[in-house]
Amino acid sequence: MNIYKKSTRKALGFMSAVALAASSLALTGCNDPRRQAEELRRQGCANVLVKGGDSDAVDFKTDMLLTADGDWIELKADAVDTPNTHGTGCTLSSAIACYMAIGYSLPRAVEMGKLFVTRALRAGAKVATGKGHGPVNHFFSPRKLKIT
């Protein structure tokens, strides 16, 4: 029980940092992801994840995590050609929080969260739902619920 509470606090603290990073250009006034992250660290965020999904790169997307220790972790994933990108940030932050809540370290949780989002994008790439940007496919790999 104690581990769960500690992990949950870490996850919630990370969620606050994600919310700040979402508006990092407005907060920092610069376009360089590393400088944005470093400025957010100066403003009080312990860990900062800079998403690269909106970059113009067509072969892969790169996210960068600046940890509280000052380490930079670069995470690359294949780019997915799809208009169905609605909810990627929320999905990523939720996945990271869930992985941290069950005990994974922040870097590992970010890595697993990015993989989850990439797979969800790929699974929903050709799905047509309404007009405009559709959602990612969160149900690409459902597991049976274990009822005890």
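Here are some notes on the sheet, the helices and the salt bridges of this model.

1. First, the ground rules. This is a predicted model, where local features need pLDDT of at least 70, side-chain atom pairs count only at pLDDT 80 or more, and totals for chains, interfaces and linings use all residues. Residues are numbered from 1 along each chain as its sequence is written, and side-chain values use heavy atoms, with hydrogens and water left out.

2. The sheet. Three strands make an open sheet in the order β1-β2-β3, with antiparallel pairing. Strands here are DSSP runs of E, at least two residues, and helices are runs of H or I, at least four, numbered from the N terminus; two strands pair if DSSP finds at least two bridges between them. β1 (48-50) and β3 (72-78) are at the edges with a single partner strand each, so one side of each has no neighbour in the sheet. On average, neighbouring strands are turned by 20° against each other, direction ignored.

3. The β1 and β2 pairing. β2 (residues 60-66) pairs with β1 over three bridges in the antiparallel sense. Leu-49 has Leu-65 in β2 as its bridge partner.

4. Buried residues of α5 include Leu-106, Val-110, Val-117 and Leu-121. Buried means under 20% relative accessible area, exposed over 50%, partly exposed in between (1.4 Å probe, protein chains only).

5. Helix α4. Among the buried residues of α4 are Leu-92, Ile-96 and Met-100. After α4 comes Gly-103, with a positive phi near 110°.

6. Salt bridges. The whole structure has four (a side-chain nitrogen of Lys or Arg within 4 Å of a carboxyl oxygen of Asp or Glu). One of them joins Glu-39 and Arg-42 at 3.2 Å, N to O; these two sit three residues apart in helix α3 (residues 33-42), so about one helical turn separates them. Arg-42 is exposed at 61% relative accessible area, while Glu-39 is partly exposed at 24%.

7. One more pair to look at. Glu-74 and Lys-76 meet in a salt bridge at 3.9 Å, N to O. Lys-76 counts as exposed at 52%, and Glu-74 is partly exposed at 45%.

Notes: Axes fitted to C-alpha atoms, helices over the stretch in contact; angles between N-to-C directions.
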